[in-house]
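Here is a short briefing for a first look. Please view the sequence and the structure, then read on.

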Amino acid sequence: VAIAANVLVYAAAVRPLAARSAGAADRASAAANALKASEKDLALAKGLVGGKARADEELNAFYSKVLPADLTAARRMTYASLPVLARRSNVRYEARTTKVDEEDRATRLGRMSIRMVLQGEYRNIRRFLYQLETSPDFLIVDEVTLAEGTAADEPLSVIVALSTYYRAAAGSKRK
């Protein structure tokens, strides 16, 4: 009778509780794994938000400290400095043309293109380009075209296409 009572209690109470306990342990393990995954996702999201905030700060610093404030500042930055840079590099400054592109309303940026014609020895032209690329002014060298002179003693001619960007005024419609 005692054995039968033990089997009956085991079948009616202990076994279902053991199964329920195993299911609860599995659910607790799954919940712990889900919690770890959620914490990992939260850390990634916080890193993304922090990275975006840093990128916004750096972009604002770039706009305020590096880019010329407007078209006038961009012209002022290049008008006198490029001939001086050519003179310091022993390169003869022949000609210059400037073109202002339409300002982009979405980015609030304007672009000024400069085309310079220079003459000089190869090493001096290289020095000019190096000084141009390492200057603190925000200038982009778009293209360099080197032409050899027809006579042996004639200096090399180089056409340098540059561009700079500047902050456009809000609501600007310059073309």
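In which helix is Val14 found? Val14 sits in helix 1, which covers residues 2-66. Keep in mind that this is a predicted model.

- Val14 has 43% relative accessibility, so Val14 counts as partly exposed.

**Salt bridges around Asp101**
- The whole structure holds 6 salt bridges.
- One of them pairs Lys99 with Asp101, at 3.7 Å from N to O.
- Lys99 counts as exposed because its relative accessibility is 52%.
- Asp101 counts as buried because its relative accessibility is 18%, and the cut-off for buried is under 20%.
- Asp101 also forms a salt bridge with Arg111, with the closest N and O atoms 2.9 Å apart.
- Arg111 lies in strand 2 (residues 109-120) and Asp101 in the loop between strand 1 (92-100) and strand 2, so this pair ties together parts 10 residues apart in sequence.

**From Arg111 to Asp142**
- Arg111 is partly exposed, at 24% relative accessibility.
- The side chain of Arg111 meets that of Asp142 in a salt bridge of 3.2 Å, N to O.
- Asp142 belongs to strand 3 (residues 140-147) and Arg111 to strand 2, so the pair links parts 31 residues apart in sequence.
- Asp142 counts as partly exposed, with 40% relative accessibility.
- Through shared partners, salt bridges join Lys99, Asp101, Arg111 and Asp142 into one network.

Methods
Residues numbered from 1 in each chain as written. Predicted model: local features only at pLDDT ≥ 70, side-chain atom pairs only at ≥ 80, totals over all residues. Heavy atoms only, no water. Helix = DSSP H or I, 4+ residues; strand = E, 2+ residues; numbered from the N terminus. Buried < 20%, exposed > 50% of the residue type's maximum accessible area, 1.4 Å probe, protein only. Salt bridge = Lys/Arg side-chain N within 4 Å of Asp/Glu carboxyl O.
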